[in-house]
2 protein chains.
Amino acid sequence: MPLAPWRSPLARALHRNRSLVYARYAQLATVRTDGRPANRTVVFRGFLEPTQQLKFITDRRSEKIGQILAQPWGELCWYFPNTREQFRLSGALTLVQADCANPDFAKARQIQWQDLSGAARAQFAWPDPGQPRAEAKLFELPPLDPLQPSPNFCLLLLDPHQVDHLELRGEPQNRCRYQYQPATAEWATESVNP
Amino acid sequence: MPLAPWRSPLARALHRNRSLVYARYAQLATVRTDGRPANRTVVFRGFLEPTQQLKFITDRRSEKIGQILAQPWGELCWYFPNTREQFRLSGALTLVQADCANPDFAKARQIQWQDLSGAARAQFAWPDPGQPRAEAKLFELPPLDPLQPSPNFCLLLLDPHQVDHLELRGEPQNRCRYQYQPATAEWATESVNP
């Protein structure tokens with residue numbers, strides 16, 4: 001599978017901003033079941049190679065799970081401070097939970113779990129997120145199995161259908177839009193006004 | 001009008017991150033007319049004092065205008081790198097355009113325009129954003145009137161109804177939710193699990 005044409009500028013941005021740990025943080029918008037938007041910071045965990053899907057992790061007890069099940073579409077807004085550029089990636093969201101029937105996805109979930117630090121894994125045993133604060137001692141839990149994912153652990157995949165790349169540094173700025181064409185399974189690239 | 005209780009931690013975050021120009025950038029999610037989310041970076045322009053409304057600017061030719069007119073609700077996700085904390089502000093959006101009948105809003109729009117740099121003002125005379133790229137010479141336009149806002153210039157206000165503040169530094173992390181209570185015009189504050 002050839003790389004989508006937006007992969008190269010995105011890889012360049014990641015490389016040029018690698019000195020900032022938070023250059024791997026981006027904001028994922030979803031839609032609540034009441035039709036209002038939701039938005040939170042997520043950590044980019046790389047691509048599900050050889051596809052163009054971006055990987056994130058989440059907790060099945062978080063609010064976004066119900067949102068994604070009802071409206072499996074998201075838009076990631078990713079700003080790179082060093083190079084002053086923004087990528088907006090709009091696409092389908094897939095939740096990979098413990099009961100996932102797709103063996104590739106299930107395998108990717110397991111590998112992702114094994115790649116986490118012990119501290120990151122421990123969060124999946126914390127009391128229910130968003131509920132009134134539990135006693136502090138409840139957060140002191142034995143380490144989770146480093147091989148077998150917690151049932152709360154979800155892999156979240158974003159499969160972009162449109163990517164909008166804006167470079168603020170140009171005079172004037174540059175903006176490029178990449179649009180997936182399902183009929184031909186190819187990407188159309190267009191330079192647009194910023 | 002007393003300050004909402006989330007104003008103090010937000011002011012502290014802005015102060016502690018003031019060395020980063022992009023600490024004033026945040027991501028605003030809205031909903032498209034097809035029910036899918038949209039998300040883009042916006043620049044915080046301060047509060048519309050003495051209210052709790054956050055100010056941003058936008059172009060009436062941008063896609064978000066139609067989205068906001070159809071669904072006047074947004075969620076701002078604001079990550080502060082130096083202090084590793086996130087604010088999620090969910091609330092009603094108000095577009096203040098050239099024909100605004102509210103004199104306070106119209107005045108705020110005019111002042112905002114006058115506060116812009118010449119380069120920032122010039123963007124409102126650029127060719128239509130998102131359309132196929134126009135000739136470069138079209139971007140070379142005479143400077144706009146520094147006193148009278150371009151008809152393309154909009155002030156955008158976000159009036160938060162819920163604020164979710166997450167501090168990643170705690171052991172475990174701290175998370176606090178502020179919820180506006182319309183019946184009493186007061187804010188409820190609750191410590192919740194991260």
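Let me start with a term: a residue is buried if 20 or more other C-beta atoms, placed from the backbone, lie within 10 Å of its own. By that count, buried residues make up 32% of the 194 residues in chain A.

A word on the source. This is a predicted model, where local features need pLDDT of at least 70, side-chain atom pairs count only at pLDDT 80 or more, and totals for chains, interfaces and linings use all residues. Residues are numbered from 1 along each chain as its sequence is written, while chains are lettered from A in the order in which they are written.

Now the fold. Chain A has four helices and eight strands. These are DSSP runs, numbered from the N terminus: helices are H or I, at least four residues, and strands are E, at least two. The order along the sequence is α-β-β-β-α-β-β-α-α-β-β-β.

Next, dimensions. The C-alpha trace of chain A spans about 55 × 35 × 35 Å along its principal axes.

On to contacts. Two residues are in contact if their C-beta atoms, placed from the backbone, lie within 7 Å. Take the contacts in chain A between residues at least 6 apart in sequence: 59% join residues at least 24 apart.

Finally, the partner chain. How many residues of chain B are in contact with chain A? The number is 39, and they meet 39 residues of chain A. On chain B, S1 (25–31), S2 (37–43), S4 (73–80), S5 (85–96) and S8 (186–192) are strands that each supply at least two residues of the side touching chain A. S4(B) gives the largest share, six residues.

Conventions
Buried ≥ 20, exposed ≤ 12 C-beta atoms within 10 Å, placed from the backbone.
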